[in-house]
Amino acid sequence: MGHLRTREWHFQMRQWVILLPLALLIALISCGKDQTPATEPKTSATDPVPIDGTLPADVGTDRSTSDPARNKEPASSDAVEPGSADSDRIPESSLLSDADFQRRAKLGHLVAKRRCVLCHKVDGRGGILQPPLIQVSVRRLERMKTISEHLAQLQTDDPDRYQARADLFNSIEAEPDELRKMSIWLHGYLEQPTFDNAQAKMPLPVLKPEEIDQLASYVIQLAVDGVKQGVSTPE
Ligand code: HEC
């Protein structure tokens, strides 16, 4: 038994004799790689720069902790809580029974089938790179509930952008009807998607004013239909 143990021990030692220098060599090579850029500028007496520069590259945990956080941040700041109970409620509005609104929405449907399908599905047809138009419409209706908070934020964070459309923002605030509020918002958005948000990513074809009127009505109609159908919103 003792003999066997010593043989085992010898075998393990031999493994280590081979593995340890190998591990050291690998460690040295990888350290050397990271340190070369750090040592060079050190001679130039600007220590903080190379030290800061090497840290994120060296510390693996830094990458793994920051990445998911970075992925979550935009989602959570955009979050609209699609599951919230009152999102199933369709806002009271005289707009839906308005004959002009209905006529515009019908025309807007035709415009959308030509102008929006590059990126959004309309009637189940079109681009898949962006969420279907009905989904972004429902989500926008939900986002209208917090528009005052958003605009107050915009006014402090991006005063120039706020000032440029202050009149439009004031009329959004002054409008009590939720769907009419959304109509005013959509007019601003379809004219210039970044009007209330520098991060808005929608590249839009230039639309005529009457097309904007019609599309705004159609998007509102879609949002209402979507809420009725229980359409899920993109995150
Ligand atoms: C070139 C691609 C592209 C085209 C064409 C396009 N969109 Fe979009 N749209 C986007 C992107 C990108 C977003 C942002 C997606 C997101 O936020 O999830 C977006 C978002 C939206 C939103 C939600 C905006 C918000 O903040 O609530 C609406 C409403 C919308 N689009 C309407 C339209 C309409 C109407 C048309 C046709 C006139 C159209 N889009 C054409 C790319 C496009």
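Analyst: Start at the ligand. An oxygen atom of the ligand is 3.5 Å from an N or O atom in the side chain of R143. Keep in mind that this is a predicted model.

User: Which other residues place a polar side-chain atom by an oxygen atom of the ligand?

Analyst: R139 and R140. For R139, the distance from a polar side-chain atom to a ligand oxygen is 3.0 Å. For R140, the corresponding distance is 2.8 Å.

User: Which residues come nearest to the ligand?

Analyst: Look at the shell, the residues around the ligand. There are 19 of them, and C116, C119, H120, R140 and M202 come nearest. By class, the shell holds 12 nonpolar, 2 polar and 5 charged residues.

User: Which helix gives the most to that shell?

Analyst: α5 does, with 5 residues. Both α5 and α9 supply at least two residues each.

User: How many residues of α5 are buried?

Analyst: Take a cut-off first: buried means under 20% relative accessible area. In α5, 10 of the 11 residues are buried, so the helix is largely enclosed by the rest of the structure. Among them are R139, R140 and R143. L133, I134, V136 and L141 are also included in the buried set.

User: Now a helix with two sides. How do I read one?

Analyst: Begin with the general idea. An α-helix has 3.6 residues a turn, so residues three or four places apart point the same way. Now take α6, residues 147-157. Its buried residues are I147, L151 and L154. They cover an arc of only 55 degrees around the axis, which puts them on the same side of α6.

User: Which residues are exposed on the other side of α6?

Analyst: E149, T156 and D157 are exposed there.

User: What do the buried residues of α6 pack against?

Analyst: Four helices are listed: α5 (133-143), α7 (159-164), α8 (166-174) and α9 (178-191).

User: Let me try a loop. Where is S93 found?

Analyst: S93 is in the loop between α3 (60-78) and α4 (99-115).

User: Is S93 buried or exposed?

Analyst: Compare its accessibility with the cut-off. S93 has 19% relative accessibility, so S93 counts as buried.

User: What is S93 in contact with, leaving aside its neighbours within four places in sequence?

Analyst: D177 and L179. S93 and E178 are 85 residues apart in sequence, yet their C-alpha atoms are 7.1 Å apart in space. A polar atom of the S93 side chain lies 3.0 Å from the backbone nitrogen of L95.

User: Now step back. How many helices and strands are in the chain?

Analyst: Count 10 helices and 2 strands. In sequence order, the pattern is α-α-α-α-β-β-α-α-α-α-α-α.

User: How do I read the whole chain in numbers?

Analyst: Of the 235 residues, 30% are buried. Among contacts between residues at least 6 apart in sequence, 63% join residues at least 24 apart. The accessible surface comes to about 15600 Å², with 58% of it belonging to carbon and sulfur atoms.

How values were computed:
Residues are numbered from 1 along each chain as its sequence is written. This is a predicted model: local features need pLDDT of at least 70, side-chain atom pairs count only at pLDDT 80 or more; totals for chains, interfaces and linings use all residues. Side-chain values use heavy atoms; hydrogens and water are left out. Buried means under 20% relative accessible area, exposed over 50%, partly exposed in between (1.4 Å probe, protein chains only). The arc is that of the directions from the helix axis to the C-beta atoms. Contact means heavy atoms within 4.5 Å. A residue is near a molecule or strand if one of its heavy atoms lies within 4 Å of it. A polar contact is a pair of N or O atoms within 3.5 Å; within protein, one must be able to donate a hydrogen and the other to accept it, and residues adjacent in sequence count only if both atoms are side-chain atoms. Ala, Val, Leu, Ile, Met, Phe, Trp, Tyr, Cys and Pro count as nonpolar, Asp, Glu, Lys and Arg as charged, and the others, Gly among them, as polar. Accessible areas come from the Shrake-Rupley method with a 1.4 Å probe; for residues, only the protein chains shown count as cover.
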